[in-house]
Amino acid sequence: MQLSRSYFPAFLAFFSLVLSGCKSFEPLGETAEKKTNKAPVKANAFIAAEYEVGDYAHLDVALGQKSENADESEIVFGNIWRRIQSQLTFDIPENRRLAIQRSWYARHPDYLNRVSKRAEPFMYLIVEEIEKRDLPMELAILPIVESAFDPFAYSHGRASGLWQFVPETGERFGLKQNWWYDGRRDVLAATNAALDYLEFLNKKFDGDWLHALAAYNSGEGRVQRAIRKNFKAGENTDFWSLDLPKETDAYVPKLLALADLIKRPEHYNISIRPIANIAVLESVSAPSQIDLALAAKLADMNVNELHALNPAYNRWATSPKGPHNFLLPIDKAELFNKNITDVKTNDLVSWKRYKIKRGDSLGKIANKHKITVDAIQTANKIKGNNIRAGQYLLIPTASASLDEYKLSANQRLTSKQQKIAKQKQKAVHTVKSGDTFWDISRQYKVNVRELAKWNGMAPGDPIFPGQKLTVYKKVSKAEMPKSTPTTRKVNYKVRSGDSLARIANRFNVSIKEIESWNKLNRNKYLQPGQMLKLYVDVTNIKG
């Protein structure tokens, strides 16, 4: 069945509402027990955005209304779920751990429908890649377990994106992570990296997919040690017999429970919102760094609609060194490819001509223009840090007003400052000769990290005489969580050696915020295993 392109505006309407209509919801709630002598364990600590969706009437017509002779299962699953259903091959054991997970999903159909809405643009791409590699179709369901198909999902374990890569594993499988771009949130790149990793794990564990999946969740070394321990003790080494972390104990049963529900929906009296079994997105690319606002204009889209489909881009443009790819609705992709041929490469980003002044450094210039030193070096073909007063530099700059880039770092900072301004008294400090962040923080009795963060900087960044810094003075009201399009609630488990300062620095929040969110007494020490509630911007985390 083919879908007319006249229905693609429905997808655009969906993504325009992603930014304005998201709120957090609890993920899985109940989870499995490993053995009868263990207490139920909690689900993965990710928080996914609940997207409020507009009218899908046109899309429903395109997916196919039920006719007199329609196959009921075809209507229940639409096409992509039917396609997935026909290729599920894993054995589904009957045990208590799996039954608990299956029962939860069956009793929460709204959750599955929310997930299906978020999966809609991306599921076809994932299924196609799995079939191309001849991998088990159960892997298409894995992003439900990992992230509830939220590309902005972020876990307490520093995992990000649909497939929940931690920084180190992401780098290991080719996912770049820098100031401009985080490949862990790039749907196409992360899907390929995840399948590469799963294939590697399957081979490592001699074709045992349950072992491979457990290793994807908790690490290959941990699963290997559990297998060796059971082998030496003369015990079974199958997944169900291994002594693994509680989260992993529940992880594989969640996937199998979902597979069973999708395979036998009528048995459990459930249905899942249908998804058309056709490609709705196409990958396009620009020849070099491109402003997201220009890319959106070339595709006749709103910049935030484009950004929602391409959540890996942290800033107002792609990274100078790439990638420069975008996922776009098919008709918009055709338009983009047609229009970009008329744009000269040098015009893909706006440029400002800057005359170097005495005392300037690349760091100072980069900070002033809110870009990176690397971006200036790349644009001007500078290998080192030496510059000379009187020379000119080309500085890449956003073509549109910064408030049009709702997911950019600058706009997130503005949103944060506006939120804080409602609760605190704002002051503007003009930097004097000899001032440091530390001096200014002492003067206003604020945290040095907070001071830097309020100004979109790090505590170690240089400041200069005449520079204006925003400062928020204390008020009696407790600080409230940050509110940005990419803010997520994270439940963080305190580790041995952790301190409030270390946690605050890792998640780019302040100690005061952590204390306020958790009603902590600064005089009390953190304990390993203690759970903290954090509200973090997933595109602005260190690692």
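I began with surface patches, which are made of residues with over 30% relative accessible area and no salt bridge, like charges being joined within 9 Å and nonpolar side chains (Val, Leu, Ile, Met, Phe, Trp, Tyr) within 5 Å. For charge, I counted Lys and Arg as positive and Asp and Glu as negative, leaving out His and the chain ends, and I took the place of a charge as NZ of Lys, CZ of Arg, CG of Asp or CD of Glu.

I noted that this is a predicted model, in which local features need pLDDT of at least 70 and side-chain atom pairs count only at pLDDT 80 or more, whereas totals for chains, interfaces and linings use all residues. Residues are numbered from 1 along each chain as its sequence is written, and side-chain values use heavy atoms, with hydrogens and water left out.

**Entry: the positive patch.** I found a positive surface patch formed by Arg222, Arg225, Arg228 and Lys232. Arg225 lies in helix H12, residues 220-232; helices (H or I, at least four residues) and strands (E, at least two) are DSSP runs, numbered from the N terminus.

**Entry: helix H6.** I then looked up burial, where buried means under 20% relative accessible area, exposed over 50%, and partly exposed in between; the areas come from the Shrake-Rupley method with a 1.4 Å probe, and for residues only the protein chains shown count as cover. In helix H6 (residues 109-119), the buried residues are Tyr111, Leu112, Val115, Ser116, Arg118 and Ala119. Seen down the axis of H6, these buried residues fall within an arc of 165°, so they line one face of the helix; the arc is that of the directions from the helix axis to the C-beta atoms.

**Entry: salt bridges.** A search of the whole structure gave me 20 salt bridges, each being a side-chain nitrogen of Lys or Arg within 4 Å of a carboxyl oxygen of Asp or Glu.

I looked at Glu128 and Arg83, which form a salt bridge with their closest N and O atoms 2.5 Å apart. Glu128 lies in helix H7 (residues 123-133) and Arg83 in helix H4 (residues 80-85), so the pair ties together parts that are 45 residues apart in sequence. Glu128 is partly exposed at 32% relative accessible area, whereas Arg83 is buried at 14%.

Asp182 and Arg185 also meet through their side chains in a salt bridge, at 3.5 Å from N to O; Asp182 is buried at 7% relative accessibility, and Arg185 is buried at 1%. For the salt bridge of Asp260 with Arg264 I noted 2.9 Å, N to O, with Asp260 buried at 3% and Arg264 partly exposed at 29%. I also recorded a network of salt bridges that links Glu129, Lys132, Arg133, Asp196 and Glu199.

**Entry: contacts across the sequence.** Phe90 lies in the loop between H4 and helix H5 (96-107) and is buried at 12% relative accessibility; its C-alpha is 7.7 Å from that of Leu256, although the two are 166 residues apart in sequence.

Trp180, in the loop between helix H9 (167-172) and helix H10 (187-204), is buried at 3% relative accessibility, and its C-alpha is separated by 9.1 Å from that of Ile371, 191 residues apart along the chain.

Arg488 has its place in strand E9 (residues 487-493) and counts as buried at 4% relative accessibility; I noted 8.2 Å between the C-alpha atoms of Arg488 and Phe152, which are 336 residues apart along the chain.

Methods:
Buried < 20%, exposed > 50% of the residue type's maximum accessible area, 1.4 Å probe, protein only.
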